[in-house]
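Here is my note on the two chains you sent. Please keep the structure open while you read.

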Amino acid sequence: MMLIPCPWCGDRIDAEFTCGGEAHIVRPDPATASDAEWADYLFMRENPKGLHHERWFHAHGCRRWFHMTRDTVSHRIVAVYAITESAPEATG
Amino acid sequence: MQSWRNSTGGIIDRSRHLSFTFDGRRLSGHPGDTLASALLANGVHLVGRSFKYHRPRGIVGSGVEEPNALVRLGEGGFVEPNARATTTELFDGLVASSQNRWPSLAFDVGALNSVASGLIPAGFYYKTFMWPAKAWTFYERFIRRAAGLGQAPEEPDPDVYEKRFAHCDVLVVGAGPAGLQAARAAGRSGARVIVADEQAVPGGSLLAEHVTLDGVAGQEWPESVSKELAGMSDVTMLTRTTVAGYYNHNFLVAVERVTDHLPAGESALPRQRLWKIRARQVVLATGAIERPLVFPGNDRPGVMLAGAVRAFANRWGVRCGARAVVFANNDSAYRSAIDAADSGIHVTTIVDCRAEPRGRLVEEAQSRGIDVMAGRVISGVEGRKRVRGVAISTMDDSASAAVTKECDLVMMSGGWNPTVHLASQSGTRLAWDESRATFIPGDAASCQTSAGAAAGSFGLAQCLRSGALAGTEAAAQAGFDGETPAVPEVDGDTGDGALDLEPFWHRPASPRDGKAFHDLQNDVTTADVALATRENYVSVEHFKRYTTTGMGTDQGKTSNVNGIAILADHVGSSIPGVGHTTFRPFYTPVSIGALAGIDTGGELYDPVRRTPMHAWHAGNGAHFEDVGQWKRPYCYLREGESVDEAVQRETLAARTGVGILDASTLGKIDVQGKDAAAFLDRIYTGTFSTLAPGRCRYGLMCHDDGMVFDDGVTARIADNRFLVSTTTGGAAAVLSWFEEWLQTEWWDLDVHVTSVTTQWAAIAVAGPKSRDLVSGLTTTDLSPDAFPFMTWRDADIAGIPGRIFRISFSGETGYELHVPASYALALWQILMMAGERHAITPYGTEAMHVLRAEKGFIIVGQDTDGTTTPHDLGMSWLVSKKKPDFLGKRGLARPDTLREDRKQLVGLLTEDPREVIPEGAHVSPEPGAKPPVPMEGWVSSSYMSPNCGHSIALALIRRGHDRMGESVAIPLEERTIRARIVKPVFFDEEGARLRG
């Protein structure tokens, strides 16, 4: 029941959002990626205890994707940034 | 006759009588009573049978902590099982009955368990019924019948519930002395405050105290504070409201019992209201719960918490017995003993396990003639359905020192546990406090403070001060500065709340002592703890589950700390060394109705979507099915016709005459922008940039792993514009998929997508007479040369501006007519009239399914399961080899997707042409093979085809494409069906009708 600060709509309850999982996964070049690299891109995800960069989608709101850095233990939200941005330095 | 009610004292209205029944017996009480206080006023102690041993049980507590007095309330659909008698407000006409007994409370057959109790220790069911494995299904029926406390109501719940959101600066949980002070402080600062208290009136422990605050009686002071709060426009006081859950980011859930205290059906208001509260700051002023002592026979009716006896005396003017013995390890029991004595109970003895109890309270008790036996414990209880006496011995149980005392009431106090449940739920760690021998909240995990007894401050003055400070601080943290309210002068307090407690957890029991329960509700004894330890269930989480300590509906409010302490003793560790189990929501049970909210089973439960032609369908025999949220006609029943017959008739009509189908629910997405074609080239396995405006193309969409997740026909409307159609169920997911890629990966593309599913209604017209029918309604030339298969045109259709698509999911010559939704019903009716001469037949989704299966057209989600590639479907021709990339391309080249033994889509023809294989049936290779028979695949679609004259089926079978002609077996429970693998197309294989 987190309160998520949507960059477009402000603070909203998490029920309005969909979590898109780990952020900043780079889609390898399909022409050159090995089977192992492609499998890693498709299936393997980090599951850290602590700070985690994630993609979130305000499905029942503005329908915009954004990035959020969240502590997976305390649910503290450390940063919210645009989907086109890379992770802020200070947040590990 | 309320013969146990005093003529004065308490906060009940003796001028009015409320009549109620318990197990059919008519009794009376007063406004202000709970069911428990009214029962006790009538001398009723025996109120239930215990969970496992069916031992007689009485009322133990006076509030939310009650483990024993669980009753069934109400009748018919209004029945509520497992209601605590101690928190059930009495009203005129209340009907309550005892639980877990048969045939009656006084004589219960299940009590035989008690005789056999040596045979059913902790873990009994797990150990005994493990073998033989097959027999479990037999045992289970009997165990299930014997298990559980109350019975669930059998009728639908006729009550109405509602939910609401609320936001506040400061939420104060609990309106006892600390909570009221906190609310006052926060309210005066101007903050937006919500105060929630589970009782009918604010006051908490003050309602059971004989004190004065600033000269005002303690029982009246709360009302004066609530008057002050009522004058503050930003303060909301919620009584009868239990904050039951504390979630992330200070989100709390509370249940307001709006009309539970009124006779069923009397009020138009909802029964309960679920509050979802987001608070900037939370003050937890939840008080403390008294701890029982663990000694043999401590579950006999008449053994009660000392503070509960005191509350029944002070708040309700009820004597819980005539002659009492107190068993204590701390000072607070003396206050209870004194008040009990003052209320007219003859308190003969205080058995105190401390060697040298001393102080003002001890002297006060002795001055009332109460005998204090120091360094002694109760070692046994006499009486079954009611206490008759106790055996008292020294700590080391030297028999010579044992004495017996006659009594009908035992008042026990093992100290107090701060109500830390909500704090713990929020993630706040609990710390063991040695001096008070209890867990108290550690550093708060969120914007939260605990105040008063909930923080371990047991003295009244300390509570008042702690609450005032907490309220001021919480308001300040939320941005509101105010002065801390003065702490009222307390007269008659118990002191500073120091209990001078000496822990007494249990005495090593010998079998002759009888059972000593630390968990009354789940019937868990010290012997069970010993057993769990012997069997190495020594982690506190294992211990809890193995013995079921704290797993009842009371969630261990009175049992957890005792259980942990006894475990620590057995394993030779300390209490903080053993630790505690995690507190989880809910604090007290919450009704399913409150969680479900308004209209628990009706129309508003889930949105219902209807097409513009719905009324026509409903008026013409439609038998509806749910497709996602949509209502779609499955078939149209004629007089005297079965569903199967209707489906066969409709399927035949669409191939012999003309049929029409309401296809409005198909997902439609308008894709625009100069990169629209490039976008669709990346999304679909096929190529859309080469599609000319005015033409349509069928496409498959894959996730990047190469698995098919949706399909449909896309029409190019203009150079920069496409209309994508999706499956009915996949519409929302496909739109989200488009948005995700456009926003997160391909933000350089100039593409905009929007759903137009409900803007356009669609009618499929199919059959040899379809051209004749549609051409009569439009000036557009429908001849095959002018308007070939897989093209579309803007058209005037019976005067309605729309689009005609020459596409077909039935495999017949056919058209899909798209018109703005508001014209759809009119067009449908026009088609029905114009089609009369062709005996036009509306057909439903099932006929559509049969028609498409005859042609081998797949339904994504039915003939695919998320592990199916386009190649598996035999649709490699739809996968571009030229495009350098599209979603799924690289995935399709993974070794796993290239395996030759993948399940592939094939057709099946049964040996007996009349036999229809059940969908979902497994396919095995060799008829008559011995188990375990390998599973070679499964049947995804299966129908009787009237156009083929035999049954048809589609199946996903391992290596299926290479096994044409092979025989397979479909083993069912009662018989085995033989079938032959064939190509997945059964009708008009060359597509002459489609293109004709």
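How much of the contacts in chain B with a separation of 6 or more do residues 24 or more positions apart account for? The share is 66%. Two residues are in contact if their C-beta atoms, placed from the backbone, lie within 7 Å.

1. Ground rules. This is a predicted model, in which local features need pLDDT of at least 70, side-chain atom pairs count only at pLDDT 80 or more, and totals for chains, interfaces and linings use all residues. Residues are numbered from 1 along each chain as its sequence is written, while chains are lettered from A and ligands numbered from 1 in the order in which they are written.

2. Chain B overall. Chain B has 25 helices and 50 strands. Helices (H or I, at least four residues) and strands (E, at least two) are DSSP runs, numbered from the N terminus. Along the principal axes, the C-alpha atoms of chain B fill a box of roughly 115 × 70 × 55 Å. Of its 996 residues, 52% count as buried. A residue is buried if 20 or more other C-beta atoms lie within 10 Å of its own, exposed if 12 or fewer, and partly exposed in between; C-beta atoms are placed from the backbone.

3. A mixed sheet in chain B. Strands pair if DSSP finds at least two bridges between them. Here 6 strands of chain B form an open sheet with mixed pairing, in the order 41-42-43-40-34-44. Strand 41 (792-797) and strand 44 (841-842) are the edges, each pairing on one side only. Inside the sheet order, strand 40 (residues 760-766) and strand 43 (residues 814-820) of chain B are antiparallel, with 7 bridges. One bridge partner of this pair to look up is B:Val819 in strand 43, which faces B:Ala761.

4. B:Asp662 sits in strand 34 (residues 659-662) of chain B. Why does B:Asp662 count as buried? It is buried because 24 other C-beta atoms lie within 10 Å. Leaving out residues up to four places away in sequence, B:Asp662 touches B:Thr611, B:Met613, B:His617, B:Pro633 and B:Ile763. B:Leu206 is 456 residues from B:Asp662 in sequence and 68 Å from it in space, C-alpha to C-alpha.

5. A covered helix. Helix 19 (residues 676-683) of chain B is mostly covered, with 6 of its 8 residues buried. These are B:Ala676, B:Ala677, B:Phe679, B:Leu680, B:Asp681 and B:Ile683. Their cover includes strands 35 (667-672), 36 (696-702), 37 (708-718) and 38 (721-726) of chain B, along with helix 20 (731-744) of chain B.

6. A hairpin. Strand 3 (residues 46-49) and strand 4 (residues 56-58) of chain B pair in the antiparallel sense over 3 bridges. B:Gly48 has B:Arg57 as its bridge partner. The hairpin has 6 residues between the strands, and B:His54 takes a positive phi near 55°.

7. A sheet in chain A. Chain A has an open sheet of 4 strands in the order 3-4-5-6, with antiparallel pairing. Its edge strands are strand 3 (18-22) and strand 6 (77-82) of chain A. Strand 3 of chain A is joined to strand 4 (residues 51-57) of chain A by 3 bridges. A:Thr18 stands opposite A:Phe57 there.

8. Where the chains meet. The contact takes 19 residues from chain A and 21 residues from chain B. On the chain A side, helix 1 (residues 35-43) of chain A gives the largest share, 4 residues.
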